[in-house]
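I am opening my notebook for a slow walk through one structure. Come along, and look things up with me as I go.

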Amino acid sequence: MSGISGSLRRLQAAVGENQLLTDTEAVSRYRVDGQMPVAVVLPQSVEEVAAVLRAAAESGLPLLLWGGGRHMHLGAPCGPIGAVVLMSGLNRVVAYDPNDLTVTAQAGMSLEALQKVVGEHGQMLPLDPPGGASATLGGIAATNAAGALRMSYGAPRDLIIGMRVALTDGSVIKTGGRTVKNVAGYELGKLFIGSLGTVGAICELTLRLVPRPEQTVVLVSAMDLRPAAAMAEALLSSRLGVTSIELLNPAAASRVPGLPVAARNHYVIVIGLMGEAEGIARQERDIRAMSGEAWGRLEGGAADNLRERVGALAYPEAEGVLVRASVPVGDVHGLVAMLSDEEGWLVLARPGDGVVYAASPASPPRVRRVVDALRLRAEGVDGHAVVVSAPAQVKRELSVWGRETANADLMRGLKQAFDAAGVLGCGRFVPGL
Amino acid sequence: MVDKKVVGLLRKAVGRDNVLTEPAELLLYSYDSSTARGRPGAVAFPATTEEVARVVQVCAQRRLPFVPRGAGTNLSGGSVPAEGAVVVQLSRMNAILEIDARNLRAVVQPGVVNLDLQKALAPRGLQFCPDPASQKVSTIGGNVAENAGGPHCLKYGVTANHVVGLTVVLPDGSVRRFGGKSLDPPGFDLVGLFVGSEGTFGIATEVVVRLKPLPESAQIVLALFETLESAGEAVSRIIAAGMMPAAMEIMDRTTLEAVEASFPSGLPTDVEAVLLIELDGLKEVLDRQAEGCAAICRKLQARQVEIGRTAEERDKLWASRRSAFGATARVSPSMLVNDATVPRTRIPEVLRQLQEIERRHGVRIAKIFHAGDGNLHSNILFDRDDPNGLRAAEAASAEIFRVAAGVGGTITGEHGVGAEKARFMELIYSPDDIAAQRKLRQVFDPHGIANPGKVLPAEEPAAGAKR
């Protein structure tokens with residue numbers, strides 16, 4: 001049997017007619033790191049996803065799972081792609097009873113669409129991933145993508161309480177359930193969250209929701225790095241309970257339109273407040289008392305829009321390089337300070353999570369030195385730095401995931417147990433997975 | 001008992017005086033807070049990660065089963081040894097290694113008692129959010145193994161949301177570090193997988209936890225209802241009103257009578273339900289929230305509604321809930337604890353079914369639940385000396401699991417599967433689901449020596465299992 005055509009026949013058998021595309025126009029839309037898939041397959045049900053995975057495993061066809069395509073810049077340079085599995089056909093709400101404060105939806109549904117459904121009942125999914133609201137739930141889960149709200153509400157790994165996942169043996173398994181508290185069996189869902197589609201295809205998710213806040217405010221101020229970092233640290237250990245804290249270097253601040261203060265080539269601190277009006281009034285009073293700087297203020301939709309524009313700094317531009325460092329909370333200041341001499345680098349820090357994004361809009365020749373320095377510094381305090389996005393040839397020069405993990409044997413064991421044929425992920429995840 | 005050679009090796013691993021082998025001594029480690037029993041072969045008391053590793057290596061070389069043990073407060077038999085297993089008793093590893101306030105992290109050994117950690121953190125204005133009811137005695141290692149919950153999960157999440165790093169001795173005796181003080185280490189989420197593995201993936205010997213500032217203030221609303229349903233309805237309306245209390249607890253009349261008999265607080269015992277709502281956060285917000293909750297309760301014809309604003313008033317209102325478990329145990333010779341959990345909106349119908357079950361099996365069920373997150377605690381009262389007592393209680397418990405599974409719930413919200421519920425896993429998981437969990441276990445413990453017989457059902461699925 002000729003390799004690829006046999007594989008495609010099997011794929012075709014796994015789905016209905018017109019659900020397998022091989023024409024150049026269709027497949028060229030799904031290029032990753034210069035790799036073009038041979039085919040695009042459009043399953044319409046969880047069972048079809050499972051059948052596709054099984055067919056691929058049996059014929060050794062590498063699969064790339066694709067939700068909204070908002071996270072395809074992530075990871076090591078993509079290897080050859082047999083077929084892209086387009087999850088957008090799975091886009092329904094499966095179960096939603098607002099009083100449970102949970103919702104079950106299919107993986108191909110966009111965050112935006114889900115927010116609309118739950119918003120009608122005064123609720124929200126407290127996630128603001130870098131890929132924005134057009135990202136799909138499955139993509140957000142597979143990348144554990146979180147934004148500024150994480151310090152108060154957690155990441156996808158904290159908000160997902162159950163999943164249905166298709167495996168390469170053709171089975172569809174359930175992990176977790178529909179209750180916030182559930183310790184029946186292992187936390188198997190954690191294997192798939194953040195795994196970049198290397199061990200199974202997330203098809204359905206049950207998520208925790210929260211009531212929409214009565215009021216949303218952002219406070220913005222421009223100041224030197226030292227007082228800005230001190231302010232962030234003070235807020236994190238205070239009982240004031242602010243919702244989010246973001247710190248932008250002058251270059252990053254200059255990229256954000258509509259800041260309610262003049263950045264004047266200073267660092268900018270953006271504090272998000274969500275909750276009851278009385279609480280926010282108190283938070284504002286205390287924050288203004290902590291710093292004599294001028295504070296700009298936005299409320300409601302304007303506040304949401306600004307947080308979104310700031311969050312966009314964590315999303316890569318096509319030709320640039322974007323790095324994310326993760327360090328203990330107290331080391332964020334030092335990391336940002338280190339980057340202050342690097343001309344042209346945009347820095348967005350989330351002190352509450354110990355996360356620092358650094359972006360260079362172009363790929364300057366010095367990119368390697370900056371990445372190495374950042375990585376060295378992060379690893380020195382028990383953290384790490386990963387290259388979130390870069391042109392394929394720059395990715396090859398840099399090690400995207402950093403030094404090899406000490407537990408490579410365990411991770412390979414997990415990969416082997418769930419994808420023995422090695423057909424999932426196309427080599428974008430940590431080496432060997 | 002294990003053979004002499006093994007005893008010698010264990011003594012060499014942890015010191016002569018730190019191994020127990022006398023039958024009378026072993027008996028003390030043959031049970032936990034559940035009804036399960038199993039006699040260990042030996043008990044070892046390591047004091048360091050290296051000593052734990054040496055003990056596990058002794059076991060690994062002989063494929064001898066072992067089970068980690070903290071305070072033994074497990075309610076599902078999870079810490080009860082398989083016959084002849086080596087109990088790795090972690091009570092000597094009870095040091096808080098570091099409180100790193102700047103980074104909002106603490107590093108602790110597994111034998112640290114949850115409440116001791118809280119007491120060390122409180123003067124710095126910090127807390128470790130998980131606070132299971134057993135927190136006076138249960139250890140952080142046990143909390144990690146069970147992915148412990150507590151009353152505050154609706155707002156603050158479970159243990160898995162607050163553990164960011166682990167040092168682990170794997171079942172092959174190797175020492176590993178998973179995660180650390182920073183988030184998102186590249187690769188699979190090994191910390192997330194390990195939490196809740198009930199001692200079957202190895203032994204955590206150091207735990208890095210996330211800390212949060214203590215809330216500035218709190219208020220308690222207590223409401224008495226003529227029916228359990230109206231108490232449940234109040235909970236739903238509070239959620240629908242957009243409030244997120246730190247805890248919402250309901251006690252039924254049976255529980256209330258037990259509490260008043262043992263620790264009188266002056267509450268009337270002729271009401272069917274007590275609802276306790278704890279609100280925390282900024283003081284400016286709490287007054288309106290407390291009034292809002294009280295208004296909802298009054299609208300539902302609550303007989304009495306009280307708001308506790310001072311620490312003293314709060315403690316008084318919480319006292320009955322805190323003593324509920326102990327008080328219930330006092331009025332009944334024996335008690336089987338069931339913590340099936342259901343989606344919150346299904347609570348009313350499950351309550352009706354619980355009454356049916358009580359009638360059908362001739363048992364009394366004292367009901368206390370974390371209503372905010374649907375976690376029911378159905379404490380089935382029975383008399384161990386009555387030969388039919390345990391049987392009836394177990395039959396009632398099995399039926400509660402079925403009811404919970406039938407409404408999309410789970411067989412355990414926070415107590416773990418352990419030995420007692422392994423055979424009920426098939427009520428909520430298909431053979432494929434369980435096969436996937438088994439694969440996961442085999443990666444961590446290929447020879448099945450870490451706490452065997454727990455969590456997953458025996459390989460042959462029971463007839464009539466869910467497909």
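**Entry 1: a word I need first.** By contact I mean heavy atoms within 4.5 Å. I also remind myself that the model is predicted.

**Entry 2: two helices in chain B.** I looked up which residues of H13(B) meet H14(B). On the H13(B) side I found B:Val350, B:Gln353, B:Leu354, B:Ile357, B:Arg360 and B:His361. Their partners in H14(B) are B:Ala392, B:Ala395, B:Ala396, B:Glu399, B:Ile400 and B:Val403. Sorted by class, this contact holds 8 nonpolar, 2 polar and 2 charged residues.

I noticed the gaps in the numbering and recalled a rule. An α-helix has 3.6 residues a turn, so residues three or four places apart point the same way.

Next I checked the geometry. H13(B) covers residues 347–361 and H14(B) covers residues 389–406. Their axes come within 10 Å and cross at roughly 155°. Angles over 145 degrees count as roughly antiparallel, and therefore H13(B) and H14(B) are roughly antiparallel to each other. I noted the crossing as right-handed.

**Entry 3: a helix pair in chain A.** I then turned to H1(A), residues 3–14, and H3(A), residues 46–59. At what angle do their axes cross? I wrote down roughly 165°, with the axes coming within 8 Å. H1(A) and H3(A) are therefore roughly antiparallel to each other. H1(A) passes H3(A) in a right-handed crossing.

From H1(A), the contact uses A:Ser7, A:Arg10, A:Leu11 and A:Ala14. From H3(A), it uses A:Glu48, A:Ala51, A:Val52, A:Ala55, A:Glu58 and A:Ser59. By class I have 5 nonpolar, 2 polar and 3 charged residues for H1(A) with H3(A).

**Entry 4: an enclosed helix.** The buried ones are B:Thr254, B:Thr255, B:Leu256, B:Ala258, B:Val259, B:Glu260 and B:Ser262.

I wanted to know what they pack against. The strands in chain B are S13 (247–252), S14 (273–281), S17 (364–370) and S18 (375–382). The helices are H11 (311–322) and H12 (324–331) of chain B.

Entry 5: Is A:Lys395 buried or exposed? Its relative accessibility is 2%, so A:Lys395 counts as buried; the cut-off for buried is under 20%. I located A:Lys395 in helix H15 (residues 392–397) of chain A. Setting aside neighbours within four places in sequence, A:Lys395 touches A:Asp33, A:His73, A:Leu74, A:Gly75, A:Ala76, A:Pro77, A:Ala390 and A:Val400.

**Entry 6: a valine on a strand.** A:Val347 sits in strand S17 (residues 346–350) of chain A. At 1% relative accessibility, I count A:Val347 as buried. Beyond its neighbours within four places in sequence, A:Val347 is in contact with A:Leu247, A:Leu248, A:Asn249, A:Ala252, A:Val336, A:Leu339, A:Val356 and A:Tyr357. I also looked up a spacing: A:Val347 and A:Arg324 are 23 residues apart in sequence, and their C-alpha atoms are 9.8 Å apart in space.

**Entry 7: two positive phi angles.** A:Leu101 is not a glycine, yet I found a positive phi of about 55°. A:Leu101 lies in the loop between strand S5 (93–97) and strand S6 (102–106) of chain A. With 3% relative accessibility, A:Leu101 counts as buried.

A:Asn144, also not a glycine, has a positive phi of about 45°. I placed A:Asn144 in the loop between helix H5 (137–143) and helix H6 (150–153) of chain A. A:Asn144 counts as buried at 13% relative accessibility.

**Entry 8: stepping back.** Chain A has 16 helices and 19 strands. Its radius of gyration is 22 Å, which agrees with the value near 22 Å for a compact globule of 433 residues. Of those 433 residues, 63% count as buried.

For chain B I noted 15 helices and 18 strands. The globule rule gives 23 Å for 467 residues and chain B has 22 Å, so chain B is as compact as a globular protein of that length. Here 65% of the 467 residues count as buried. Among chain B contacts between residues at least 6 apart in sequence, 70% join residues at least 24 apart.

How values were computed: Residues numbered from 1 in each chain as written. Chains lettered and ligands numbered in written order. Predicted model: local features only at pLDDT ≥ 70, side-chain atom pairs only at ≥ 80, totals over all residues. Heavy atoms only, no water. Axes fitted to C-alpha atoms, helices over the stretch in contact; angles between N-to-C directions. Helix = DSSP H or I, 4+ residues; strand = E, 2+ residues; numbered from the N terminus. Parallel < 35°, antiparallel > 145°, perpendicular 65-115°, else oblique. Left-handed = near helix turned anticlockwise from the far one by under 90°. Nonpolar A, V, L, I, M, F, W, Y, C, P; charged D, E, K, R; others polar. Rg over C-alpha atoms; globule rule 2.2 N^0.38 Å. Buried < 20%, exposed > 50% of the residue type's maximum accessible area, 1.4 Å probe, protein only.
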